[in-house]
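Here are some quick notes to go with the file, written as numbered points. Have a look at the structure before reading on.

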Amino acid sequence: MPRDIRLTLIGKPGCHLCDDAREVVQAVLAELELTDALPRIALDEVSILDDDELRARYAEEIPVLLIDGVVHNYWRIDPARLKTALIGG
């Protein structure tokens with residue numbers, strides 16, 4: 001049985017790179033929804049404005065995309081790389 005995957009997109013309102021990253025992530029997820037036997041993927045968005053620890057850690061790197069709590073990428077999200085990471089190959 002496929003495992004569940006949790007994506008976390010860390011950014012802030014008004015950040016155009018964050019908007020771009022969200023669009024890439026949503027497009028990849030929409031594409032993967034058409035494929036059978038993939039893990040369930042949940043996407044959470046978190047603002048650095050709401051979390052002092054995240055602001056201190058990632059203020060200069062947003063947007064940051066975590067996969068299961070591990071940094072996958074920051075600034076720009078490559079759709080092919082994300083898709084490969086999510087499908088495991």
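This is a predicted model: local features need pLDDT of at least 70, side-chain atom pairs count only at pLDDT 80 or more; totals for chains, interfaces and linings use all residues.

1. Now the fold. I get three helices and four strands for the protein chain, and reading along the sequence gives the pattern β-α-β-α-β-β-α. The radius of gyration is 13 Å, close to the 12 Å from the globule rule for 89 residues, so the chain is as compact as a globular protein of that length. The C-alpha trace spans about 40 × 20 × 15 Å along its principal axes.

2. Of the contacts between residues at least 6 apart in sequence, 65% join residues at least 24 apart.

3. The disulfide deserves a look. The count is one: Cys15 and Cys18, with their sulfur atoms 2.5 Å apart. Keep in mind that the cut-off is within 2.5 Å. The torsion about the S-S bond is about 75°, so the Cys15 and Cys18 disulfide is right-handed. Both Cys15 and Cys18 are buried.

4. Last, the aromatics. The structure has one aromatic pair, Tyr74 with Trp75, at 4.7 Å centre to centre and 75° between the planes. That pair is edge-to-face, because planes over 60 degrees apart count that way. Tyr74 is partly exposed at 33% relative accessibility, and Trp75 is partly exposed at 43%.

Definitions and conventions:
Residues are numbered from 1 along each chain as its sequence is written. Side-chain values use heavy atoms; hydrogens and water are left out. Buried means under 20% relative accessible area, exposed over 50%, partly exposed in between (1.4 Å probe, protein chains only). Rings of Phe, Tyr and Trp (its six-membered ring) pair if their centres lie within 6.5 Å; planes under 30 degrees apart count as stacked, over 60 as edge-to-face and the rest as tilted. Helices (H or I, at least four residues) and strands (E, at least two) are DSSP runs, numbered from the N terminus. The radius of gyration is taken over C-alpha atoms; the globule rule is 2.2 Å times the number of residues to the power 0.38. Contact means heavy atoms within 4.5 Å.
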